[in-house]
Amino acid sequence: MFGYDGTGENDPALRWAVEEARLRGLDLLLCYCWHWPYPSGHVDAGVQAIFQRAGENLLRKGARRARDLGAQGKVRTLLRREPACDTLVHESDDAELIVVGSHERHRLPVGSTAMELPARTRRPVVAVRGGGGRGPVVAGVDASECADATVGFAIEEAALRECDLRVVHGAWEPGAVPESDLPLFADKAELFQARAAMLERVVHPWQRRYPKVHVDVSPLLERPREALLDAAERADLLVVGDRGTGGLDPLLLGATSSAMLHHAPCSVAIVPAPRHTAQSAT
């Protein structure tokens with residue numbers, strides 16, 4: 001499923017959605033939502049018909065563009081008069097993933113679809129930034145229950161794109177660990193060993209499932225945000241969970257995930273927590 005707005009800035013995201021559908025053997029659904037510029041009680045059938053026709057024409061143009069870009073399955077369209085995020089959430093039950101465009105780094109506005117959608121949907125969301133390239137996939141993993149789903153999505157993307165996967169864990173975050181783990185921060189060697197063992201437990205089953213993917217596992221004694229942003233500089237896609245070890249409010253996106261959407265230089269995939277996923281590698 002792709003959130004389409006017909007602008008030139010949206011074209012890299014459309015390219016990504018078309019390529020993703022091709023790699024996964026999926027059909028593509030283009031969603032466009034139009035905004036009623038008058039109060040909710042105002043009725044003007046003529047104006048509404050104009051908006052409706054304009055939306056239909058825009059979607060026809062988008063479908064043609066998708067086919068020109070190489071879409072191989074069916075390209076369907078959906079027009080709604082409501083906020084884009086509402087439509088993408090409501091229509092995503094049958095979607096494998098959702099692709100949306102993103103502003104340049106440091107300019108993603110609070111309340112934008114790319115920020116709001118991952119906190120509300122049960123499907124992975126890819127916020128596309130730039131045109132993509134030949135870099136690796138990077139997975140940001142913490143000690144939360146979302147680690148398995150994050151690595152699973154990331155290694156599947158690496159396999160589909162025939163590229164390497166780097167799994168990164170920034171271990172230095174004493175404010176976001178259980179009290180029982182705090183003594184680890186008094187001994188950096190012990191902390192490193194404990195986090196390396198955690199990564200091995202998460203990654204190893206997925207390596208067995210995807211033996212052709214080269215996986216580099218990097219436990220780092222750095223803060224998660226700095227570790228991930230550094231790794232993202234050389235990546236084509238950064239994959240993180242929707243909530244980390246410090247996530248308490250089920251309606252909010254995790255702090256690290258939000259920071260990646262704002263500041264990562266590459267496209268970012270937000271993967272839902274295990275309560276929304278049905279499978280793992282084990």
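# Exercises on helix packing, a cavity and confidence

In this predicted model, Arg-225, Leu-228 and Leu-229 of H7 meet Ala-255, Thr-256, Ala-259, Met-260 and His-263 of H8. Contact means heavy atoms within 4.5 Å. Residues are numbered from 1 along each chain as its sequence is written, and side-chain values use heavy atoms, with hydrogens and water left out. Local features need pLDDT of at least 70, side-chain atom pairs count only at pLDDT 80 or more, and totals for chains, interfaces and linings use all residues.

**Exercise 1.** Describe the packing of H7 and H8.

Solution. 
- Two packed helices are described by the angle between their axes and the distance between the axes.
- Helices (H or I, at least four residues) and strands (E, at least two) are DSSP runs, numbered from the N terminus.
- H7 covers residues 224-232 and H8 residues 255-263; their angle is about 35° and their axes are 10 Å apart.
- Axes are lines fitted to C-alpha atoms, for helices over the stretch in contact, and angles run from 0 to 180 degrees between N-to-C directions.
- The crossing is right-handed, that is, the near helix is turned clockwise from the far one by less than a right angle.
- The contact residues divide into five nonpolar, two polar and one charged. Ala, Val, Leu, Ile, Met, Phe, Trp, Tyr, Cys and Pro count as nonpolar, Asp, Glu, Lys and Arg as charged, and the others, Gly among them, as polar.

**Exercise 2.** Which residues line the largest cavity?

Solution. 
- A cavity is a set of points on a 1 Å grid over the protein atoms alone where a 1.4 Å probe fits but cannot get out; lining residues have an atom within 4 Å of a point.
- The lining consists of Val-18, Ala-21, Arg-22, Leu-26, Leu-28, Ala-71, Gln-72, Gly-73, Lys-74 and Val-75.
- Helix H1 (residues 11-24) gives the most, with three residues.
- Six lining residues are nonpolar, two polar and two charged.

**Exercise 3.** State the confidence of the chain.

Solution. 
- pLDDT is the predictor's confidence in each residue, from 0 to 100.
- The chain averages 87, and 89% of the residues score at least 70.
- Over residues 276-280 the pLDDT is below 50.

Methods
1 Å grid on protein atoms, 1.4 Å probe; cavity = no way out; pocket = protein on both sides within 12 Å on 5 of 7 lines; lining within 4 Å.
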